[in-house]
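Follow along with me as I look things up, one entry at a time.

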Amino acid sequence: MSNSVATSEHTETSEREVHIRTCPLCEAMCGLQIHVENEEVKLIRPDRDDVWSKGYICPKGTTLGHIYHDPDRLREPMIRERDVWREATWEEAFARCKELIDGVLERHGKSAFTYYVGNPTVHNFSLGRYIGLFQALAGLDVCYSAGTIDQWPKNVSCRLMYGNSWVIPAPDLPRTSYFLVMGANPHASQGSLLACPDVLGEMDKVRERGGKCVVVDPVRTGTCNHADEWVPIVPGTDAAFLLAMAHTIFEEDLVDLGDVSEIVSGLEDLRKVAEDFSPEWVSETCDIPAETIRRIAREVVAAPCAIVYGRIGLCNQEFGTLASWLIDVLNIITGNFDRPGGLMFGTPIAPAMATLNFEPPSEQEFGRWHSRVRGAPEVLGQVPVSCLSEEIGTPGDGQIKGLITIAGNPVISSPEPEALDEALPQLECMISIDNWLNETTRHAHVILPGLSPLEQPHYDEMIWSWAVRSAGNYSPAIFPPSDDHPQEWEILTRLGAYLAGMDEETFDLATIDDGFLSGLCAYFQMDPEHVLSHYESGGPERMADFMIRVGPWGDRYGENPEGLTLQHFKDNPHGIDMGPMLPRVRDILHTPSGMIEIAPEYILGDLPRLKARVERSRSTSSTASTNGSASGTAEGLVLVSRRHVRSNNSWMHNVKVLVKGKDRCTLLIHPDDAKRTGVTDGSLAQVSSEAGTVEVPVEVTEGIKAGVVSLPHGWGHNKSGARLSIASEHAGINNNILAPGTFVDAISGNAAVNGIPVEVAPVG
Ligand SMILES: Nc1nc2c(c(=O)[nH]1)N[C@H]1C(S)=C(S)[C@@H](COP(=O)(O)OP(=O)(O)OC[C@H]3O[C@@H](n4cnc5c(=O)[nH]c(N)nc54)[C@H](O)[C@@H]3O)O[C@H]1N2
Ligand SMILES: Nc1nc2c(c(=O)[nH]1)N[C@H]1C(S)=C(S)[C@@H](COP(=O)(O)OP(=O)(O)OC[C@H]3O[C@@H](n4cnc5c(=O)[nH]c(N)nc54)[C@H](O)[C@@H]3O)O[C@H]1N2
Ligand code: SF4
Ligand SMILES: [Mo]
């Protein structure tokens with residue numbers, strides 16, 4: 001049976017087909033109906049029969065046809081000679097890649113090569129499943145990723161607490177009665193490290209059930225319209241707020257570890273560190289009354305079940321790791337960990353590769369090496385992405401000369417983007433696996449385009465790991481590419497093989513792929529020969545089938561004949577749902593102690609820095625109050641980032657229906673701050689930080705805390721040489737120009753793109 005159903009809407013010349021498919025753009029994984037006529041997408045509607053999303057959809061989901069038909073989207077490989085781009089055959093493009101890679105390896109050795117992995121990798125059928133193989137083949141010591149401008153603090157805290165950096169607990173939102181949301185705006189993002197269709201609808205249901213939702217955010221976001229309370233906070237002070245909640249819970253003897261009480265280690269250490277952080281002590285720093293902090297702590301404790309949830313606002317900030325760690329801590333000490341309605345671990349039908357424990361439990365070491373130029377310590381194998389420009393631009397041993405970008409646009413997305421923009425042309429080899437000629441890829445020597453979502457099958461790999469239900473959904477390609485267009489997994493494998501020294505003679509895709517699968521067979525204690533005998537071909541489809549079959553409901557290739565295989569999903573185009581989240585922390589713990597480490601030494605070691613931050617604001621605020629400062633933070637303005645539901649990081653501004661209408665790249669500023677700085681609604685403001693200056697239209701609003709201004713990220717499409725005809729007409733400004741590359745969360749290296757001190761002034 002196929003996932004496409006021909007409907008009765010026939011005409012003389014055309015037949016409308018309705019394909020059922022999952023939207024791959026974000027973690028909501030919505031089911032879609034895609035109406036196609038004469039090879040053209042005519043309409044995209046929600047799939048009400050989708051077992052997971054049940055008809056939920058956002059405006060981006062309706063634009064997959066626009067992405068497919070976008071004339072700017074690259075269909076053929078591109079080779080650049082000086083400033084001139086030309087289309088090339090795949091054979092020619094791969095030969096050029098091989099030549100460029102060999103050149104760098106011969107002249108400078110492997111240490112001169114690196115790669116950058118961007119966000120869509122996680123959402124892509126092929127890239128998500130094969131990035132690991134690329135890494136293994138390439139054997140490069142240093143890599144960069146969007147991870148260090150995203151969830152690196154959470155990866156660090158999960159590695160230390162549970163033993164695996166990608167085993168990340170998520171809110172069981174559909175069953176909770178109290179939802180405390182910090183530094184996340186599902187109104188725009190649709191949930192992050194939280195896969196749940198219609199997060200806002202679920203928040204409404206929490207309240208309909210008699211529960212409560214509270215949002216802690218410097219901005220009164222759209223999410224606040226679905227909450228009982230908005231608690232404005234000074235950016236970067238969430239760790240102090242959370243420690244004060246913990247302080248209250250210890251002080252009032254309210255600690256309850258619930259079902260995990262036998263397996264928590266370090267509670268006494270936690271109690272000691274929380275002692276210093278009384279709500280009264282941190283109140284000025286967070287600019288939240290001590291009584292509010294105490295009340296929220298008591299509410300979380302008193303609720304039948306509750307969730308404390310934090311996301312990018314808590315990661316992309318100065319105290320990202322402390323804040324990310326404390327989120328889990330609060331759930332644990334209030335008895336809301338690993339139980340329905342609390343913070344739980346997802347159980348994917350097909351386990352995600354990154355969550356597998358290939359190594360025995362071990363202590364995590366950090367700083368095993370340091371970046372060459374800045375001396376930044378390695379954390380989980382990476383240094384801040386802002387190091388990349390200086391590693392390319394600074395001569396000496398180990399200078400980066402070769403770079404592969406994989407579905408990433410760091411010239412927009414990373415701090416100090418202008419420095420990277422200036423460094424990239426110095427590379428001797430830059431290859432981009434990317435679908436557009438954009439701000440980053442215009443510097444490449446070769447661009448190898450992947451497929452648009454509608455051209456390839458889909459079954460999410462990583463996202464189900466933090467989903468509120470154990471479900472799954474497979475979609476076949478609607479417009480399969482011609483045979484000579486390699487899929488991204490083949491592109492990745494080829495480039496990895498070139499870096500490993502293979503050439504056309506020695507490169508054998510099928511053998512490498514079989515080897516990859518055989519390695520996984522060993523992990524799951526399956527006989528590779530038996531497993532391989534089930535398939536005629538490989539690639540991500542086989543990998544998806546394999547993971548389903550060895551997963552918790554799988555058929556294990558016959559051992560469990562009633563079990564699931566990918567075919568079951570092909571036969572059920574609206575998806576298969578195996579039920580809600582299950583308690584399972586005992587199965588997933590991979591720490592040397594076998595316990596949940598609630599107070600990791602490495603993280604506690606960062607507390608003096610937080611204390612200094614609290615002391616700093618207490619001394620400034622006493623001076624400021626005598627000076628009569630109007631600012632809510634008393635320390636000048638600070639900048640935070642935001643998202644919008646009609647935008648997707650940097651790369652969907654080329655979709656006309658999403659960018660039309662009101663300008664969304666504006667500076668949100670409180671009326672008091674507008675008055676003080678002399679800017680007015682609709683006028684142009686100059687925003688400056690130690691890193692740079694931008695000019696941007698002003699939007700005065702009561703919906704932001706005084707002392708804080710907000711800019712969206714992902715804009716700044718005014719670079720010459722990019723081929724984004726619509727985005728360039730709605731260029732906006734890149735807020736990362738204001739982000740100093742060295743402003744990071746000290747212990748994870750994650751960029752602190754929130755809480756940047758800025759000055760605002762009228763233009764002209
Ligand atoms: N100031 C500030 N900066 C931020 C953030 C912030 O909140 N504030 N957020 C950060 C976060 S969370 C993230 S994840 C990063 C994102 O940072 P990046 O991952 O570097 O940037 P994206 O904008 O996601 O760019 C995606 C790239 O992938 C390409 N692409 C899209 N689809 C495909 C595909 O199917 N295949 C291939 N091969 N390529 C594809 C696009 O053309 C684009 O070049 O930005 C970070 N930067
Ligand atoms: N439509 C759309 N959806 C997306 C994306 C997109 O670009 N567009 N990007 C995707 C990606 S890659 C990611 S990582 C996720 C992110 O998903 P979310 O984490 O939900 O990200 P945002 O919507 O940016 O919301 C972050 C909130 O943090 C607040 N904030 C900033 N600094 C602080 C702080 O110091 N403390 C507190 N408490 N709050 C703070 C901001 O004001 C903002 O409201 O979204 C994903 N989904
Ligand atoms: S919320 Fe929107 S972008 Fe995200 S999966 Fe659903 S339709 Fe796609
Ligand atoms: Mo992200």
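**Entry 1: ligand 1**

Before I could list neighbours I needed a cut-off: I call a residue near a molecule if one of its heavy atoms lies within 4 Å of it. I also noted that I am working with a predicted model.

With that cut-off I looked up the surroundings of ligand 1 and found 32 residues. The closest are Y116, N119, D434, E488 and S650.

Next I looked up some polar contacts. The side chain of Y116 has an N or O atom 2.6 Å from an oxygen atom of ligand 1. S413 places a polar side-chain atom 2.8 Å from an oxygen atom of ligand 1. For N736, I found an N or O atom of the side chain 2.8 Å from a nitrogen atom of ligand 1. I then asked about cover: the protein buries 97% of the 910 Å² that ligand 1 exposes when taken alone.

I sorted the shell around ligand 1 by class as well, and got 13 nonpolar, 15 polar and four charged residues.

**Entry 2: ligand 2**

Which residues come nearest to ligand 2? I found S189, D217, D238, S647 and N649, out of 32 residues around this ligand.

K60 has a polar side-chain atom 3.1 Å from a nitrogen atom of ligand 2. G236 uses its backbone instead, with an N or O atom 2.8 Å from an oxygen atom of ligand 2. A polar backbone atom of G313 is 3.5 Å from an oxygen atom of ligand 2. On its own ligand 2 has 920 Å² of accessible area, and the protein covers 96% of that.

I also checked where the shell around ligand 2 comes from. Helices α5 (186-189) and α11 (312-315) and strand β22 (637-642) are the elements that give two or more residues to it. Of these, α11 gives the most, with three residues. By class I noted eleven nonpolar, 15 polar and six charged residues in this shell.

**Entry 3: the two domains**

The domain assignment of the chain gave me domain 1 (157-340 + 588-604) and domain 2 (629-762). Their centres, taken over C-alpha atoms, are 27 Å apart. In the contact between them I found 24 residues from domain 1 and 26 residues from domain 2.

I then went back to ligand 2 with the domains in mind. Its shell draws at least three residues from each of domain 1 and domain 2.

**Entry 4: two residues of helix α16**

I picked R494, which sits in helix α16 (residues 488-499). Is R494 buried or exposed? I count R494 as buried because its relative accessibility is 11%, and buried means under 20%. Leaving out residues up to four places away in sequence, R494 touches F94, E504 and F507.

L492 lies in helix α16 too. L492 has 0% relative accessibility, so I wrote it down as buried. Its contacts, again without residues up to four places away in sequence, are L127, Y130, I131, F134, I406 and I433.

A reminder to myself: most residues other than glycine have a negative phi.

Q190 lies in the loop between α5 and α6 (199-208). I call Q190 buried because its relative accessibility is 6%.

D198 is in the loop between α5 and α6 as well. D198 has a positive phi near 60° and is a residue other than glycine. With a relative accessible area of 28%, D198 is partly exposed.

**Entry 5: one more loop**

My last stop was T680, in the loop between α25 (671-677) and β24 (684-688). T680 has a relative accessible area of 47%, so I noted it as partly exposed. Which residues does T680 touch, not counting those up to four places away in sequence? I found V698 and V700. T680 and V698 are 18 residues apart in sequence, and their C-alpha atoms are 6.6 Å apart in space.

Conventions:
Residues are numbered from 1 along each chain as its sequence is written. Chains are lettered from A and ligands numbered from 1 in the order in which they are written. This is a predicted model: local features need pLDDT of at least 70, side-chain atom pairs count only at pLDDT 80 or more; totals for chains, interfaces and linings use all residues. Side-chain values use heavy atoms; hydrogens and water are left out. A polar contact is a pair of N or O atoms within 3.5 Å; within protein, one must be able to donate a hydrogen and the other to accept it, and residues adjacent in sequence count only if both atoms are side-chain atoms. Accessible areas come from the Shrake-Rupley method with a 1.4 Å probe; for residues, only the protein chains shown count as cover. Helices (H or I, at least four residues) and strands (E, at least two) are DSSP runs, numbered from the N terminus. Ala, Val, Leu, Ile, Met, Phe, Trp, Tyr, Cys and Pro count as nonpolar, Asp, Glu, Lys and Arg as charged, and the others, Gly among them, as polar. Domain bounds come from an automatic or database domain assignment. Buried means under 20% relative accessible area, exposed over 50%, partly exposed in between (1.4 Å probe, protein chains only). Contact means heavy atoms within 4.5 Å.
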